[in-house]
Amino acid sequence: MTKRAALRHLIAAPELLVAPGAWDGLTARLVEQAGFQAVYMTGAGTAAAHGFPDYGLVTGTEMAANAGRMADCTTIPLIADADTGYGNELNVTRTVRDYERAGVAALHIEDQVAPKRCGHLDGKQVIPTEEFAGKIRAAVQARRDPDLVIIARTDARAVADLDEAVARANAAVEAGADLIFVEAIPEMAELAAVPQRVHGPCLLNVVPGGKTPPVDLGAAQAMGYAMAICPAVLLTTVLAAGDRALADLKAMGLPTDRPAAGVVEAFRRFGSGEWDALRRDYAGTAA
């Protein structure tokens with residue numbers, strides 16, 4: 001089974017699919033090694049890895065290249081943020097083809113005005129529903145592999161109301177979207193209403209400290225969500241741990257944390273065994 005077919009099977013399963021966020025090969029491998037069945041390429045994390053806030057400053061080419069590196073180093077499906085598709089329906093067509101060639105199993109395209117911003121920030125704007133639906137139709141037609149999952153994200157709840165967000169979500173379903181992502185839902189009652197009112201499987205974005213109230217993943221499954229992404233779970237942890245380790249180093253002149261693994265073990269987690277075997281097989285006695 002291909003990664004894309006596997007993802008479709010996981011989305012259709014009764015259990016909630018949980019995809020933690022990652023932004024490079026290292027964090028993608030951590031997610032896989034932790035036993036998760038899918039990994040999410042967070043746009044905010046990718047922007048941060050480039051030294052930017054999530055303000056739409058990373059280009060589609062940079063995002064697709066990052067997705068390719070992440071997809072190549074894991075055996076689980078990669079779900080990737082594709083922002084607005086980086087332009088109109090022509091740009092969306094190229095984005096889908098670039099992401100598909102990069103090896104992603106799914107990508108999501110949103111209805112924000114470009115340049116977009118994080119869905120949990122104020123000041124967002126959205127394009128007309130007809131334009132959004134047209135971009136989703138273009139995305140569906142652009143894929144060469146019918147198993148590539150097209151996710152439609154709407155940010156209309158923060159700009160208008162839940163009725164508008166649901167209307168856009170259902171327009172995206174009619175345009176051929178495989179999964180619906182209603183972003184920044186501010187109330188628990190609305191969280192529960194979305195899977196009931198949208199005419200297709202739904203994705204929940206779990207962002208502690210964001211606009212959506214905290215929700216247990218078991219509760220999300222009971223509400224009827226098919227997938228939950230947790231984009232910040234590693235990012236916020238890495239930021240806090242990095243600040244603490246660097247402060248200790250500056251204050252004491254010596255790293256104070258005991259490493260979880262030595263150098264050899266750390267390299268093993270990132271594939272050294274495979275590369276050592278290749279060298280033994282092909283380098284002869286020189287190895």
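Predicted model: local features only at pLDDT ≥ 70, side-chain atom pairs only at ≥ 80, totals over all residues.
Colleague: How many strands form the barrel, and how do they pair?

Modeller: Follow the order of neighbours around the sheet. Here eight strands make a closed barrel in the order E1-E2-E3-E4-E5-E6-E7-E8, and the pairing is parallel. On average, neighbouring strands are turned by 25° against each other, with direction ignored.

Colleague: Which strands does helix H4 touch?

Modeller: H4, residues 60–72, packs on the sheet and touches E1 (17–22), E2 (39–41) and E3 (78–81). The direction of H4 makes about 165° with that of E3.

Colleague: What joins strand E5 to strand E6?

Modeller: Look for bridges. Four of them link E5 (residues 149–154) and E6 (residues 179–182), which run parallel. Within this pair, Ala152 stands opposite Ile180 in E6.

Colleague: At what angle do the axes of H6 and H8 cross?

Modeller: Take the axes, then the handedness, then the residues. The axes of H6 (residues 129–142) and H8 (residues 162–174) cross at roughly 35° and come within 9 Å. The crossing is right-handed. From H6, Thr129, Phe132, Ala133 and Ile136 meet Glu164, Arg168, Ala171 and Ala172 of H8. Five of these contact residues are nonpolar, one is polar and two are charged.

Colleague: Is Cys202 buried or exposed?

Modeller: Cys202 is buried, with a relative accessible area of 1%.

Terms used. Residues numbered from 1 in each chain as written. Heavy atoms only, no water. Pairing = 2+ DSSP bridges. Helix = DSSP H or I, 4+ residues; strand = E, 2+ residues; numbered from the N terminus. Axes fitted to C-alpha atoms, helices over the stretch in contact; angles between N-to-C directions. Contact = heavy atoms within 4.5 Å. Left-handed = near helix turned anticlockwise from the far one by under 90°. Nonpolar A, V, L, I, M, F, W, Y, C, P; charged D, E, K, R; others polar. Buried < 20%, exposed > 50% of the residue type's maximum accessible area, 1.4 Å probe, protein only.
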